[in-house]
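Below is a briefing for a reader who is new to this structure. Please keep the sequence and the model at hand while reading.

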Amino acid sequence: MMTLSIPQPIDLLIEARWVVPVEPHGVVLEDHAVVVQGEHIVALLPIAEARAAYAPRECVTLAEHALIPGLVNAHTHNPMTLLRGLADDLPLMVWLEQHIWPVEAKVLGPEFVRDGVELAVAEMIRGGTTCANENYFFPDAIGATYRKLGFRAVVGLPVIEFPTPWAKSRDEYFERAGEVHDAFLGDPLVSTAFAPHAPYTVADESFERIRLLADQLDIPVHLHLHETAHEVGQEKRQSGLRPFQRLQKLGLINDRLIAVHMTQLTDGEIAACAEAGVSVVHCPESNLKLASGFCPAEKLRRAGVNLAIGTDGCASNNDLDMFGELRTAALLAKAVAQDAAAFDAACALRAATLGGARALGLEERIGSIAPGKEADLAAVRLSDLETQPLYHLASQLAYATGRQQVSDVWIAGRRRLAGRELVDFDLAGLQARTRAWRERIAAIRP
């Protein structure tokens with residue numbers, strides 16, 4: 001006698017014309033479904049098989065879409081969305097010392113941070129980004145805001161050698177870092193990393209403490225490194241070492257390090273990154289806008305270095321558009337390598353997803369579409385005129401797709417964008433608070 005198998009109840013079935021799992025590399029699956037139970041992906045299989053095997057409480061059909069892992073913005077200063085466009089077309093140190101830092105000194109506090117992060121999260125979700133690596137002051141307020149909004153983030157614990165509204169001394173920076181780290185221990189979406197600003201603003205004693213504590217707490221170290229030729233020259237004059245060499249001497253060139261920018265690298269430094277397991281975050285648009293230099297992305301990739309992509313802050317980009325960023329990263333890498341085949345579309349998409357997850361120590365949880373991972377997903381509508389005709393999916397995603405084509409987003413299985421509409425966001429209130437910050441900042445800007 002035949003027995004009929006009863007479909008298994010599950011929370012969510014997402015049926016897509018294409019699924020791009022990212023791992024295996026370069027694979028595109030046609031007419032596949034992602035099965036989600038709670039926060040996790042249970043299965044990835046052809047649609048017909050999924051319909052036979054599962055009885056979903058909710059089924060989402062994406063007949064003209066590619067389903068991709070949520071994008072990972074591996075370097076952000078998201079409260080600085082409120083400084084978007086404040087001081088453009090200036091060199092880095094002029095921009096920082098004469099414009100950004102003076103304004104921050106007058107407005108920096110928990111309210112500024114909360115509103116800036118909320119504005120950033122709305123923008124990121126609408127662009128398919130589901131995780132950010134944050135580097136800014138008041139990480140307690142930052143983490144609480146990400147938690148409230150249901151957004152995944154690694155929150156930086158800032159260390160810098162001068163007083164700010166967050167901390168007045170080296171000891172206070174470390175004391176408060178410990179408090180914030182403990183506050184988010186075990187949080188399902190928010191974790192922490194040490195965030196020393198840069199070698200030119202952090203002393204050896206602080207770096208030594210960071211190295212010891214990062215090992216004890218098992219968290220990454222996220223810092224700006226070799227962003228400009230000026231930074232490298234200044235360090236050589238002061239210590240006789242390049243900043244990378246100084247960090248090597250201090251034991252920080254290791255697999256915990258998330259090195260951001262890296263526009264000034266020797267072949268030996270690239271090899272050392274590969275050997276030590278350093279992750280490099282490429283921020284091409286910020287580097288271009290501030291004329292900081294060019295990260296040798298293809299050289300790093302060929303050497304085996306894990307590459308991630310970040311937008312940097314809105315004050316130096318001026319957006320949080322990861323589709324735009326991965327496109328710029330791919331194009332710039334070709335120009336720098338003088339090789340049209342360098343850093344191809346699949347590599348750029350990988351850097352913007354799994355590469356970022358790996359840099360943040362989250363590769364076992366997010367960054368690709370696979371059973372057992374958390375359901376951080378973005379649906380991209382490809383039927384628009386601007387992405388037709390379609391011959392090669394990865395190329396279309398990297399070179400032709402705009403963030404406005406992101407229709408739906410899930411973070412840990414929870415829908416955050418539905419048909420281009422943000423879920424559970426007070427947009428009117430957010431717009432009003434943003435306008436109020438604009439009036440206040442405009443009145444005090446240098």
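## A residue in strand 6

T129 has its place in strand 6; helices (H or I, at least four residues) and strands (E, at least two) are DSSP runs, numbered from the N terminus. The model is predicted: local features need pLDDT of at least 70, side-chain atom pairs count only at pLDDT 80 or more, and totals for chains, interfaces and linings use all residues. Residues are numbered from 1 along each chain as its sequence is written, and side-chain values use heavy atoms, with hydrogens and water left out.

- T129 has a relative accessible area of 0% and is therefore buried; buried means under 20% relative accessible area, exposed over 50%, and partly exposed in between (1.4 Å probe, protein chains only).
- When its neighbours within four places in sequence are left aside, T129 is in contact with L71, N73, M124, F151 and M322, where contact means heavy atoms within 4.5 Å.

**Aromatic pairs**

- A pair of aromatic rings is described by the distance of the centres and the angle of the planes.
- Six aromatic pairs are present in the structure. Rings of Phe, Tyr and Trp (its six-membered ring) pair if their centres lie within 6.5 Å; planes under 30 degrees apart count as stacked, over 60 as edge-to-face and the rest as tilted.
- One of the pairs is F138 with W166: the ring centres are 5.4 Å apart and the planes stand at 65°, so this pair is edge-to-face.
- This pair links distant parts of the chain, 28 residues apart. F138 is in the loop between strand 6 (129-134) and helix 4 (139-149), and W166 is in the loop between strand 7 (152-159) and helix 5 (170-183).
- F138 is buried, at a relative accessible area of 8%, and W166 is buried at 2% relative accessibility.

**Charges over rings**

- The charged end of R176 sits over the ring of W166, 3.7 Å from the ring centre. For this, NZ of Lys or CZ of Arg must be within 6 Å of the ring centre and within 35 degrees of the ring normal.
- R209 lies over the face of F174, 4.1 Å from the centre of that ring.

**Helix 5 and helix 6**

- Two packed helices are described by the angle between their axes and the distance between the axes.
- The axes of helix 5 and helix 6 (residues 204-217) come within 11 Å and cross at roughly 15°. Axes are lines fitted to C-alpha atoms, for helices over the stretch in contact, and angles run from 0 to 180 degrees between N-to-C directions.
- Helix 5 and helix 6 are therefore roughly parallel to each other; angles under 35 degrees count as roughly parallel, over 145 as roughly antiparallel, 65 to 115 as roughly perpendicular and the rest as oblique.
- On the helix 5 side, R170, D171, F174 and H181 meet E205, S206, R209, I210, L213 and L217 of helix 6.

**Backbone exceptions**

- Most residues other than glycine have a negative phi, and most peptide bonds are trans.
- E23 and P24 are joined by a cis peptide bond with omega of about 5°; P24 is in the loop between strand 1 (8-19) and strand 2 (29-37).
- The peptide bond from Q388 to P389 is also cis, with omega near -5°.
- H226, a residue other than glycine, has a positive phi near 50°. H226 is buried, with a relative accessible area of 0%.
- D424 is not a glycine either, and its phi is positive at about 60°. D424 is exposed, with a relative accessible area of 57%.
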